[in-house]
Amino acid sequence: MDPAAVIRSRAYLSALVLATLLGVPISAIAYGFLALVSKIQQYLFADLPKDVFDGGAPAWWPVPFLVLCGLLTGLSIRHLPGNGGHSPAFGFAAGGGPPIDRELPGIVLASFTTLALGAVLGPEAPLIAVGGGLAALVVHQLKTDAPPMAVTIMASAGSFAAISTLLGSPLLGAFLIMEAAGIAGTTLILVALPGLLAAGVGTLVFVGLDSWTGLGDFSLALTSLPPEVTPTPATLAWALPLGAASACLGWVIRWSGLSLRPVVHRSRVLVTSLLGLGIGLTAMVYQLLSNHSFKQVLFSGQSDLPDVVAHATDYSVGALLLLAGCKTLVYGLSLSAFRGGPVFPAIFIGAVLGIAASGLPGMAMTPAIGIGIGAMCTAMLRLPLTSTLLATLLLGANGLSTTPEIVIAVAVAYVVSMLLPVPGPGRSEAAPAPPSETDVQPSRGTGSVPDRGSPNLDPSRPI
C-alpha cells in the first residue's frame, strides 16, 4: 500500500475532517466524566466529613465507601455487557478493537464507581476505551460497511481526544496509545495524523471548558520541584539499583493482582466488596500511623502527588515508605477486581519512592523522582519509551537535565522485568487463561487501536 496515495484519497481526507469534528464532543464527554469524578471525590472524602465532624474526617471514614465501591463495581462487571472493560491486571492494553455500543454503559459505570469511590486506579484506560468506542459507533452509523482501517483511524482519533491533556501533554497520550498498540510503519503514519488532530482539538476543548467552568484542567503536573541538577556519577550509579528494585516491586504488584483474579471469579460481587473493605482499612491504618490523610492512599494519586512533592520535607523516610507500601498494597488489590488504568498509581508510587531515595549519598530529589517514575511505569506498563517520555515531561524544565538517569533506570527496569518469571499462578502473558463466565473480556476489546496488522484502506471507498 502506498501511504501517499491513501493520504491523497477522498476517504482519508474525509477521515481527517471527521476526526477533527469528533474531537469536540468526545473530549467534552471526557472532561465531564473527569469533572464529575473529581467533584464526588471532593464531596464524599473532604467536604462531607468536615460538615459532620469538627476535627475533620476520622480515619475510619473511607471504609464504608470502599465497600460500596466494591459492591457497585462488582455488580456492574457481573451484570452489564462488556465486563466493565479491560482488566487492568493484564497491564495497559490497546488492542483488540474498540468496545461496541452495548458495552459502553458497563465500562463507564464500572470505571466511574471505581474512581469516584476510592479504588486505586487511573482514568486513562476507560477514557481511551470510551473515546474509541464512541468514535467507532459514529463511523458505523454513518456507513455500516466502513472498511476496517476507517474504524481503526476513527477509534484511535477518539481515544486521542479523550485523553488529550490527561497526562499533561497530548503528545504523551498519543505516544502511550501507539506504543501500547504496537503501531509502526505505514499504519503509524495513517493513524497518527487524524489522532493528533483530534488530540489538538481535545486540548482546546479541555482548556476552554476549564476557563468556562472553573472545574479544573485535570492534567498531571509537578510544579514544585527543586532546581535542576546536572547528572553526576552518583546519580547515574544509583539509577541502576533503583531501576532493578522498581522492577521487582512492579512484579510483586502484578503478581498480587493476577493471583487474586481466580478468587474474584468465584464470587465477583462479594469478593470485590471484600477487596474494597481491605483498601479502606489500609487507608485507615495509614492515617492512624502517619497522621497524614487517608486520601493519599486512595484514588489514582493524580491530585495528591503534587502536594506530596511540594511538601516532601514534611515527610520522614519512614512515613514515605509507609505511604509507598500502603499504596502498593491497595494498588495490587485494585488491579485484581476493579476497572481503571494502571498508569497514575505507578507514577505516584515511583515518585514517593524517589523522594525517599533522595537522601541517598550523592542523590538529589529531582533526579530521584524522575528515576522512580520512569522505572515504576516501566515495571507496570512494559512500555519503556512512553515511561521515559512520561518521567521527562512531568519534571518540566528539569526533565532534560535528568534524562540520562531516567534512561538508565528505565532500561534496567525493563530488562529485569523481562528476566523475572511471569507473575500470577501459572500464567503466561502470551496466552492468558480462558476467562470465566463471570469475567468475560469484551468480544471486540476495549483498547484504542483495533488493528495491529496491515491496514486495509481502499482509497476508493468513502468512510
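**Ground rules**

I number residues from 1 along each chain as its sequence is written, and I leave hydrogens and water out, using heavy atoms for side-chain values. As the model is predicted, I ask for pLDDT of at least 70 for local features and 80 or more for side-chain atom pairs, while totals for chains, interfaces and linings use all residues.

**Overall make-up**

I looked up the secondary structure and found 16 helices and zero strands. Helices (H or I, at least four residues) and strands (E, at least two) are DSSP runs, numbered from the N terminus.

I then looked up burial: 57% of the 463 residues are buried. Here buried is under 20% relative accessible area, exposed is over 50%, and partly exposed is in between, with a 1.4 Å probe and protein chains only.

**Pocket and cavity**

Rolling a probe the size of a water molecule over the atoms shows where empty space is left. I used a 1 Å grid over the protein atoms alone: a cavity is a set of points where a 1.4 Å probe fits but cannot get out, a pocket is an open set with protein on both sides within 12 Å along at least five of seven lines, and lining residues have an atom within 4 Å of a point. Points are joined across faces, edges and corners, and a volume is the space filled by probe spheres set on the points.

I looked up the second largest pocket, which has a volume of about 480 Å³. Its lining has 23 residues, and Val 37, Ser 38, Gln 41, Gln 302 and Ser 303 are the closest to its centre. Helix 2 (residues 10-52) gives the largest share of this lining, nine residues. By class I count 11 nonpolar, eight polar and four charged residues there. The nonpolar class is Ala, Val, Leu, Ile, Met, Phe, Trp, Tyr, Cys and Pro; Asp, Glu, Lys and Arg are charged; the others, Gly among them, are polar.

How many cavities of 30 Å³ or more are there? I find one. The largest cavity has a volume of about 30 Å³, and its lining is Pro 88, Ala 89, Gly 91, Arg 254, Leu 335, Pro 342 and Met 380. That lining divides into five nonpolar, one polar and one charged.

**Ring pairs**

I found 10 aromatic pairs. Rings of Phe, Tyr and Trp (its six-membered ring) pair if their centres lie within 6.5 Å; planes under 30 degrees apart are stacked, over 60 edge-to-face, and the rest tilted. Phe 53 and Trp 60 are edge-to-face, at 5.9 Å centre to centre and 85° between the planes. Phe 53 is partly exposed at 25% relative accessible area, and Trp 60 is partly exposed at 43%. Trp 61 and Phe 65 form a tilted pair, with 5.5 Å between centres and 50° between planes; both are buried.

**Positive phi**

Phe 299 also has a positive phi of about 65°, although it is not a glycine. I place Phe 299 in the loop between helix 10 (268-290) and helix 11 (305-310), buried at 6% relative accessibility. Asn 83 has a phi near 60°, again positive in a residue other than glycine. Asn 83 sits in the loop between helix 3 (62-79) and helix 4 (104-116) and is buried at 5%.

**Buried helix residues**

Cys 69 is in helix 3 and is buried at 0% relative accessibility. Leaving out residues up to four places away in sequence, I find Cys 69 touching Thr 113, Thr 114, Leu 117, Ala 119 and Phe 338. Cys 69 and Phe 338 are 269 residues apart in sequence and 9.0 Å apart in space, C-alpha to C-alpha.

Thr 272, in helix 10, is buried with a relative accessible area of 0%. With the neighbours up to four places away not counted, its contacts are Gly 70, Gly 74, Val 264, Ser 267, Ala 337 and Phe 338.

Definitions and conventions
Contact means heavy atoms within 4.5 Å.
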